[in-house]
Amino acid sequence: MSEQERREPAVGATAREPDEAITFGQEAAGPSVGERIRGGREAAGLSAADLAQPLNLDLKVIECIERDELDAVPGRPYILAYLRAWAGQLGLDGDELIAQYNAQRAPDNGAVQGGIHPTLDVMEPRGGGSGRRLLGWLGILIVIAIVVLALSRLDADRVQAWWSDLQGETTEPSTNSDSVPVDEERSGDERPAIEGALDEPPAPPTEAPSSTEGAADETSAGAAEGISLALPAERLAAIGAATEEREPVESESSPSVGEGENEPNADESTSSAADKPPALLLRATGADSWVEVRDGNGERLMYDVLAAGEEREFADATGPFSLVLGQPEGLEVEYQGEPVELGESSGDTGVLRTTVGNS
Amino acid sequence: MPLRRGIATMDRPTGPTTYSRHHSVITPMFKGFRGIFSTDLSIDLGTANTLIYVSGKGIVLDEPSVVALRNDGGQTVIQAYGNEAKQMVGRTPKSIHAVRPLRDGVIADFHVTEKMLQHFIKKVHSSHWFRPSPRVLVCVPVGATQVERRAIRESVLSAGARRAFIIEEPMAAAIGAGVDVDEPRGSMVVDIGGGTSEVGVISLDGIVYSSSVRIGGDKFDESIIAFVRRHYGILIGEATAERIKKEIGSAYPGKELREIDVKGRNLAEGVPRSFTLNSNEILEALQEPLFGIVQAVRAALEQTPPELGADIADRGIVLTGGGALLRDLDKLVMEETGLPVVVAENPLTCVARGGGKVLELIDQRNNTLFADE
């Protein structure tokens, strides 16, 4: 009683009489939330304490709400619960009261608009990352795919020729630098030089004889002869030219090539390497032919199309060689320099399967 | 959380899904791309119900966290998810068993949880051209260990999420309830879920005190089952217990006495019998789990710094979660603590909505507000 008496004047002093308040409120949008609660409470003959006690609330909360000082009271979720409880106690429509409160005060989105930044554990996929990192990986994959595609479309023979040329270019400077013994240089460098000559067009006829008849030493001549077993005559000239070009360098760096007496070991190894014909040589004379070659160990040496006019030799391979020839009519096969008679191909497929060097 | 009500009704799964443990290695590479066609999700991965909130759409999925597994010749396949699976609980033949992949708020069966999440995430995305890969914020109990959090994280990422955020449930619940968590004032939130009840004191965007008790809606159901068996000698199922709790369950003695007719199996006779329960009996049955929750709140108040305690005394305690829908629970806590207690609006969805607001905030702040790691 005393508490109520103490507080009632305060409420009355700041608020208008209920009738006035309703009149004032109707000019705008009806009585305010605070006015409706106060009106309902007084109509029910209850004090502010009667509303506060069931909710364990402080009286000042009810006073503030009745004065529509909504900023001075706890936040929206609390007020909504208070209003709903009081609406039930005073016989008011709780939903309507809350709707009016919402209209009176813009929805409090403070939780989002404010500054909340609660602690978050951010976890990402294993091995993954941000979108940027994923896009980066995707880009790398695309580039790799393009490179692989481009390489796969290149002719394998051209790649091989390019590789051989590259090897020739990289070893020639070392030959000129005079530190490499001739026998080693020759045995390692001769084959690329020959292959390079094979790839080049035939030398002009005016140069070929002179170079062939020139100062080629015995070793070089022997090598040329050995190879001539398997090469056509016009290419032999080119080979001669290649050896001619290399001769001064060899004689400068080490004259022992022509003077084999001083270094019999080098001479023997050089001549034996040069005299030895390739273990197997395949030459497509008529038309393109598909060829598969396996050596004595069953290892596949070739699995490719031999274009017309092209030949392939296997110098260091060991026989017996197992051959599968797609079009044997246009192929010539030599084993250790000796031509090999090919048998009849299969009537159905035209493919010839044979073994060479099976002595 | 048996007190939760269904909100969204969506299509049932069209057929059994093979239960496989296979994970694609290159899948993460394309998550970023698939993310363009995905919507960010806030998931309240509850013991009883799973809720998914989408910004601008609200709660788009609310289904029980139940999966029905069928043993198909030695291979386990998933028969049904969510509502459909829950209808099977207690009514399955030997070859089918309905399981809850989460227990006490944490993952009990990793792979079933993963499949269930995958299904739910796919369900809330309308596009069928790309498998969705959203950013997902998951709410975890504050009492979850690092291992349990990692299990949830792995499960979410394995379900297709391209990024997983983890937030503690009291914080999400407070934000979802509309509490100004950034203010330098203390607020207490009690989130009563299906498996756990979380108590958190929050101020200045941080959790000052938190505790978690493994009491929730499930414990309420178990208490009702035990009470009926003890006093009536009748065995009732979980679904019946949940219905009793929803219809006449109460945490505080009320003016009116409500009654409900239920059927159960008489343990002595072995035949089904019908009987009537009233709200006072259920109130008695719920005393033990309710006492546990009240004790947790009292313990939190004891541990709260005095300044924050004064703020809580001014404003009150906010109840969220499906358990807050138990009739007069606020009165019980109010009576036991002497403090104002309010039930949040839509308490069932507070956690999911709070997570959604945080997710929106990440976008609004262009990710500068939160550290990535």
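**Notes on the two chains**

1. Starting with chain B: 57% of its 373 residues count as buried, where buried means under 20% relative accessible area, exposed over 50% and partly exposed in between (1.4 Å probe, protein chains only). Bear in mind that this is a predicted model, in which local features need pLDDT of at least 70 and side-chain atom pairs count only at pLDDT 80 or more, while totals for chains, interfaces and linings use all residues. Residues are numbered from 1 along each chain as its sequence is written, chains are lettered from A and ligands numbered from 1 in the order in which they are written, and side-chain values use heavy atoms, with hydrogens and water left out.

2. Chain B has 12 helices and 19 strands, and chain A has 15 helices and nine strands. These are DSSP runs numbered from the N terminus (helices are H or I, at least four residues; strands are E, at least two). In chain A, buried residues make up 36% of the 359 residues.

3. On contacts (heavy atoms within 4.5 Å): taking pairs at least 6 apart in sequence, 65% of those in chain B join residues at least 24 apart. For chain A the figure is 66%.

4. The largest nonpolar core has 91 residues, and Trp86(A) and Ile317(B) have the most contacts inside it. Helix α6 of chain A (residues 76-90) gives the largest share, nine residues. A second, separate core of 29 residues includes Val54(B), Val60(B), Met116(B) and Val136(B). By nonpolar core I mean a set of buried Ala, Val, Leu, Ile, Met, Phe, Trp, Tyr and Cys residues joined through side-chain atoms within 4.5 Å.

5. What does Trp86(A) touch, leaving aside its neighbours within four places in sequence? It is in contact with Ile37(A), Leu51(A), Leu55(A), Leu57(A), Ile62(A) and Ile65(A).

6. Trp86(A) also turns up where α6(A) meets helix α3 (residues 33-43) of chain A: Val33(A), Ile37(A), Gly40(A) and Arg41(A) face Leu83(A), Trp86(A) and Leu90(A). Axes are lines fitted to C-alpha atoms, for helices over the stretch in contact, and angles run from 0 to 180 degrees between N-to-C directions.

7. In chain B, helix α3 (residues 110-123) packs on helix α4 (residues 146-158) at about 45°, with the axes 8 Å apart. The contact uses Phe110(B), Thr113(B), Glu114(B) and Leu117(B) from α3(B), and Ala151(B), Glu154(B), Ser155(B), Val156(B) and Ser158(B) from α4(B). These divide into four nonpolar, three polar and two charged.

8. Is helix α5 of chain B (residues 169-177) enclosed or open? Nine of its nine residues are buried, so α5(B) is largely enclosed by the rest of the structure. Gly178(B) follows α5(B) and has a positive phi, near 95°.

9. Last, Asp288(A), in the loop between β2 (280-284) and β3 (289-294) of chain A. Asp288(A) is partly exposed, at 42% relative accessible area. Leu331(A) is 43 residues from Asp288(A) in sequence and 8.7 Å away in space, C-alpha to C-alpha.

Technical notes
Nonpolar A, V, L, I, M, F, W, Y, C, P; charged D, E, K, R; others polar.
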